[in-house]
Amino acid sequence: MDDAILLSNDGSRELMSVLEPLQRGEEKDWIRAYSSEIYAKVEQRVLCQLIEAVLYEEIAVPLHGLPVSGDFEDRLVLPGKTNEGEPVEYMFEGKRQFSFGRFRIKKGTVRRKEAKEDPTAATLSGFVEEVLGQVQKNERLAMLLQELEHTLVKDLQAQYHKSVAPMPETPWDYDDLESDLDGHPYHPCYKSRIGYSLGDNALYGPEFKTKLKPVWLAVSKSQSLISLSEGTDYNSFIQHELGKPAYEAFVSLLNEKGLDAGDYWFMPVHPWQWEHMILPYFHRQLSEKKIVRLGNGSDEYRPQQSIRSWANHSHKEKAYMKLALNITNTSTKRILAKHTVMNAPLVSDWLLSLTRDDETARRLDFVFLAEFAGISFDYEKLPSTVQLQTYGNLGVIWRKSLYCYLRDDEEAVPFSALCHMAGEQPWIEPWVRRYGLENWTRWLLEVAITPIIHMLYAHGIAMESHAQNIILIHKEGRPCRLALKDFHDGVRFSKQHLGQPEVCPDLHPEPAHHRALNRHSFIQTDDLSAVKDFVHSAFFFVCISELCMFLNEQYGLQETDFWEMVARVIYLYQDEHPQYSQNFEHYDLFSETIQIEQLARRRLWKDAEVDPKSVPNPLYPYRTIRGGRV
């Protein structure tokens with residue numbers, strides 16, 4: 001099928017080019033980006049994040065060993081070999097941080113040196129081939145390089161677009177910030193989006209703020225499954241989400257085809273997914289009218305930072321949609337496995353029920369953005385060979401909108417925006433200037449940490465609260481409460497150690513082939529350290545340590561002072577809630593080490609060959625501090 005052709009509602013062929021931005025002349029702008037100074041900046045970011053991960057996960061070891069802490073300059077050298085077998089060295093400046101012993105490589109300092117030659121600027125592909133090529137040479141190295149190169153060109157495209165796009169006339173709101181954030185701060189393949197062309201990226205990438213409409217399908221109830229939160233009526237919510245005119249038009253379209261709308265679920269599909277996965281792999285169901293294309297609806301949406309989640313731009317109070325998307329970003333397929341779709345409302349209802357009568361939760365006033373409905377194709381209805389091709393490719397989860405929970409005097413920002421630069425200054429600069437660095441940081445930590453540890457200590461549930469899953473609600477920049485999201489596969493617990501095991505829902509288990517793809521993707525476990533580390537690796541390691549290093553780099557806040565503040569927030573909670581003392585031991589946040597996933601190493605070796613890595617816990621030195629409001 002021609003890439004630029006889609007079927008209209010009446011079945012005729014209409015021109016709807018995914019390359020429309022190119023036809024408006026933007027392709028020439030992208031070509032200019034390759035010769036701009038932005039190219040070097042983006043390549044340095046990808047290269048430095050790669051080196052940070054390579055050092056941290058000890059994929060390659062410097063000639064004189066890894067520094068324990070502090071700044072380093074040219075004394076840190078990674079050896080490699082050219083294609084001709086000649087020795088080459090890569091040298092760089094940076095720092096080993098107090099925060100989990102992480103590395104920060106100073107951008108613009110990575111240099112390559114051959115024998116008897118002066119050092120030259122390093123390149124991404126050169127480093128991969130000459131350094132990483134010494135530890136891995138098969139197709140896994142080529143796959144990693146592909147993801148890195150795609151990250152480079154797609155981030156280049158996005159950064160160049162930002163440099164020439166007009167600044168918003170009004171201050172950024174939550175949705176604008178969701179679109180402007182720049183990807184995972186640790187994973188070097190933070191914007192690979194394998195599967196998207198540059199035309200697709202310009203159309204569907206959140207940075208470009210394109211207003212989009214999903215493709216709405218009617219999927220036969222005989223071949224699909226639905227999961228709803230308690231009290232949610234499918235007909236009521238789908239009519240609300242579509243709007244009455246669109247809903248009635250879709251019903252009429254089915255009637256004209258001699259079909260009964262009561263035999264179908266209406267569900268949205270990402271336009272890219274429709275073209276690249278539904279049309280090629282669900283052709284039998286389309287032919288037999290088990291799946292019927294309905295049209296595009298009237299509401300416009302915009303992609304959020306997670307790529308596959310869309311926010312309703314026409315009516316902000318309407319639900320977010322998480323759409324199955326068979327592209328790879330940060331090395332993970334963005335499909336929606338059936339068990340996660342089915343579990344989403346179950347987990348959300350469970351979390352809400354636990355906190356409804358929880359006095360501490362009510363006082364903290366944090367928000368769960370409930371995933372209240374999900375629809376998935378029932379892949380077991382397909383031949384086994386087709387199941388493997390289609391698994392996770394036709395599903396949707398609806399999530400409550402943040403705007404339903406904001407009060408008149410409140411605003412919200414994605415937590416990752418707190419480390420965002422607005423031009424030459426930090427985005428948080430006006431708040432820091434207004435309230436003072438230490439005051440603002442203390443308020444933020446108390447607001448951010450307390451709900452996360454309360455769910456762990458009081459209920460035995462670990463939340464996968466990396467910065468993308470946390471929303472800070474504030475009043476004129478002063479932190480006041482949190483909103484949390486993404487629960488369908490973002491919790492972990494040991495059922496026998498739950499505070500109320502009797503109310504735990506019977507969740508749909510991960511199928512064997514899903515665990516084979518990613519053995520670290522699971523919800524239930526008997527290993528309490530795996531529960532604790534689920535919080536530690538997502539929240540403290542990625543989210544809080546990034547904030548710590550950012551405040552250190554931009555404002556000079558000492559990391560040790562920051563982590564002492566963190567420790568005091570935890571101890572304050574423990575002093576106020578002695579009834580959970582057994583869980584303070586079960587989930588020891590002050591352990592000497594924690595376990596993290598090795599995200600870069602998993603690109604070079606098979607998942608089964610890579611175990612989690614023990615890293616130093618920056619809270620460990622503060623395990624003797626007790627009490628005192630921070």
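Pro 79 stands opposite Glu 89 in strand 5, a strand being a DSSP run of E with at least two residues, numbered, like the helices (H or I, at least four residues), from the N terminus. Strand 5 covers residues 87-91 and runs antiparallel to strand 4, to which five bridges join it; two strands are taken to pair if DSSP finds at least two bridges between them. Both strands belong to an open sheet of four strands, with antiparallel pairing and the order 4-5-8-9. The edges of this sheet are strand 4 (77-81) and strand 9 (120-121), each of which pairs on one side only.

The model is predicted, so that local features need pLDDT of at least 70 and side-chain atom pairs count only at pLDDT 80 or more, whereas totals for chains, interfaces and linings use all residues. Residues are numbered from 1 along each chain as its sequence is written, and side-chain values use heavy atoms, with hydrogens and water left out.

The chain is assigned domain 1 (30-165 + 172-180), domain 2 (211-399) and domain 3 (408-622), with bounds that come from an automatic or database domain assignment. The centres of domain 2 and domain 3, taken over C-alpha atoms, are separated by 28 Å, and their contact (heavy atoms within 4.5 Å) takes 34 residues from domain 2 and 40 residues from domain 3. About 3200 Å² is buried between these two domains, 65% of it given by carbon and sulfur atoms; buried area here is the accessible area (1.4 Å probe) that two parts lose on being put together, summed over both. Of the area that domain 2 buries against domain 3, 20% is supplied by Gln 305, His 339 and Trp 350, more than by any other three residues.

Across this interface, 13 residue pairs, both members at pLDDT 80 or more, are in polar contact. On the side of domain 2 that touches domain 3, helix 11 (338-356), helix 12 (359-364), strand 19 (367-368) and strand 21 (395-399) each supply at least two residues, and the largest share, 12 residues, comes from helix 11.

Side chains of opposite charge can pair when their charged atoms come close. The count of salt bridges (a side-chain nitrogen of Lys or Arg within 4 Å of a carboxyl oxygen of Asp or Glu) comes to 38, and between domain 2 and domain 3 the count is three. A salt bridge also joins the side chains of Arg 434 and Glu 476 (3.0 Å, N to O). This pair links distant parts of the chain, 42 residues apart, with Arg 434 in helix 14 (residues 429-435) and Glu 476 in the loop between strand 26 (470-475) and strand 27 (478-484).

How values were computed
A polar contact is a pair of N or O atoms within 3.5 Å; within protein, one must be able to donate a hydrogen and the other to accept it, and residues adjacent in sequence count only if both atoms are side-chain atoms.
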